[in-house]
Amino acid sequence: MIIAVDGPAASGKGTIAKALGRHYGLPVLDTGLLYRAVGLAVLKAGHDPDIEADALAACGFDDAILADPALRTEAVGSLASRVSVHQSVRDALIQRQRDFATQPGGAILDGRDIGTVIAPDADAKIFVTASVRVRAERRYQDALSHGGHPDMDSLIADIQARDTRDMSRDHAPLKQADGADLLDTSDLTIDAAVQRAIALVDAQLEGRA
């Protein structure tokens, strides 16, 4: 069983994917971490994420980098969005994601092109979203909890810029996949969003039975 969870930054897709993993007993892959790892590797090498050759060279990153806490920073998130526009980077990472998706027993993957490119034949697909203001507020609270001093206007601008990049790129743009259910978490608590996601997945699975 393969479940695809897509959506923009801070929509709640990662939290929902992990909860679905616990509910269905399936392994979960945050595919965004792979792109963040490439972005961080580019940064550490002192190269330019907007130069395709530099980004592609960083795709051979050591898996140990996936445990680096720097991957979760806003700066690296922005780098991930920048390196992901390069088709060669996406090609380099696509097989790793498909191997995870097709492992015995199944899996859950969250990202931006799971239901459209990585696993278009997934058994269930959800597109998680929320308003820009709500997503910026989530980033704001997360930064505060980690001792940061975020600026709301900057967070909003960053999210809007990332949305534009992700939705307008030529290769695998962010969009709701065919057959995916829309889940807007703007006005939902985490528990409510998770329960809604489970209900949507169950309904899709029943429809395939």
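Visitor: Which residues in α5 do Leu34, Tyr35 and Val38 in α2 meet?
Guide: This is a predicted model, where local features need pLDDT of at least 70, side-chain atom pairs count only at pLDDT 80 or more, and totals for chains, interfaces and linings use all residues. Residues are numbered from 1 along each chain as its sequence is written, and side-chain values use heavy atoms, without hydrogens and water. Helices are DSSP runs (H or I, at least four residues), as are strands (E, at least two), both numbered from the N terminus. With contact meaning heavy atoms within 4.5 Å, the three residues of α2 meet Val89, Arg90, Leu93, Arg96 and Gln97.

Visitor: How many residues of the contact of α2 with α5 are nonpolar?
Guide: Nonpolar covers Ala, Val, Leu, Ile, Met, Phe, Trp, Tyr, Cys and Pro; Asp, Glu, Lys and Arg are charged, and the others, Gly among them, polar. Here one residue is polar and two are charged. The nonpolar residues number five.

Visitor: How are α2 and α5 oriented to each other?
Guide: The axes of α2 (residues 32-45) and α5 (residues 87-101) come within 10 Å and cross at roughly 135°; axes are lines fitted to C-alpha atoms, for helices over the stretch in contact, and angles run from 0 to 180 degrees between N-to-C directions. Under 35 degrees counts as roughly parallel, over 145 as roughly antiparallel, 65 to 115 as roughly perpendicular, and the rest as oblique. The two helices are therefore oblique.

Visitor: At what angle do α7 and α8 pack?
Guide: The axes of α7 (residues 132-145) and α8 (residues 152-168) lie 9 Å apart. The packing angle is about 120°.

Visitor: How many charged residues are in the contact of α7 with α8?
Guide: On the α7 side the contact includes Arg133, Arg135, Glu137 and Arg139, and on the α8 side Arg162 and Asp163. Seven residues of this contact are nonpolar and one is polar, while the charged ones number six.

Visitor: Which are the edge strands of the sheet?
Guide: The open sheet has five strands in the order β2-β3-β1-β4-β5, with parallel pairing; strands pair if DSSP finds at least two bridges between them. An edge strand pairs on one side only, and here the edges are β2 (28-30) and β5 (181-184).

Visitor: Which residue in β4 is the bridge partner of Ile3?
Guide: Strands β1 (residues 2-6) and β4 (residues 124-129) run parallel and are joined by four bridges. In β4, the partner of Ile3 is Ala124.

Visitor: What angle does the direction of α1 make with that of β3?
Guide: Helix α1 (residues 13-24) packs on the sheet and touches β1, β2, β3 (107-111), β4 and β5. Its direction makes with that of β3 an angle of about 175°.
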